[in-house]
Amino acid sequence: GVIGLGCEHVGLIDRFLDSTREYTVQRRQFGRSIGSFQAVKHRLANTLVELEKARSAARYAAPVFAEDPGAAALPGAVAGAVCTEAVIATAMEAVQLHGGVGFTWEHATHSYVRRALGDEPLLGDSRAHRGRGADLVRL
C-alpha cells in the first residue's frame, strides 16, 4: 500500500508542478509574468527536485515489490518517507505560488492539497516511514 500511495504522490506532485508552472506563466505582475522572477524560478526548480526524488524512490520500490514482495520492505519505507514528504511540501508550494487562489473552491489545486494531506494518516507520515526504515537497517 505504501508503494502504491507513493506512486500516487508522484502523480500529484507532477500535477502540482504543471498547474503551478502554467499559472506562473499566465499571471502577470509589474508588467511581466511572475514566472520570470528569479525567486519563483527557484521555487519551481525546488519543486522539480522534489518530483524527481519521489519519482526515483517510487520507481525503485515498485519493481522490487513486483519481483519479491519480501525484499521491498526497505525500498517501500524509503518511498513512503520521500514521497509523503515531497507531496506535502509541493502542495504547500503550489498554494503559495498560486497566490492563495489555489485553495479556493474555484481552483482544482485545493482538492489535490486535501488529498495529499488526507493520505498522510492512511499509511503513516514520513517520520513513521523513516523509523521503519531505520528499524529495517537496525539503526
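The structure holds six salt bridges, each defined as a side-chain nitrogen of Lys or Arg within 4 Å of a carboxyl oxygen of Asp or Glu. This is a predicted model: local features need pLDDT of at least 70, side-chain atom pairs count only at pLDDT 80 or more, and totals for chains, interfaces and linings use all residues. Numbering runs from 1 along each chain as its sequence is written, and side-chain values use heavy atoms, without hydrogens or water.

| Salt bridge | N to O distance |
|---|---|
| Arg 115 and Glu 8 | 3.0 Å |
| Glu 93 and Arg 43 | 2.3 Å |
| Arg 55 and Glu 52 | 3.0 Å |

Glu 93 sits in helix H3 and Arg 43 in helix H2 (residues 38–67), 50 residues apart. Helices are DSSP runs (H or I, at least four residues), numbered from the N terminus. Arg 43 is partly exposed, at 32% relative accessibility. Partly exposed lies between buried (under 20% relative accessible area) and exposed (over 50%), with a 1.4 Å probe and protein chains only.

Arg 55 and Glu 52 are three residues apart in helix H2, so about one helical turn separates them. Glu 52 is partly exposed at 36%. Elsewhere, salt bridges that share partners join Glu 8, Arg 115 and Asp 119 into one network. Within it, Arg 115 has a relative accessible area of 43% and Glu 8 one of 27%.

His 98 lies in the loop between helix H3 (73–97) and helix H4 (109–123). His 98 is buried, at 1% relative accessible area. Beyond neighbours within four places in sequence, its contacts (heavy atoms within 4.5 Å) are Ser 19, Thr 20, Tyr 23, His 107 and Thr 109.

Notes: Helix = DSSP H or I, 4+ residues; strand = E, 2+ residues; numbered from the N terminus.
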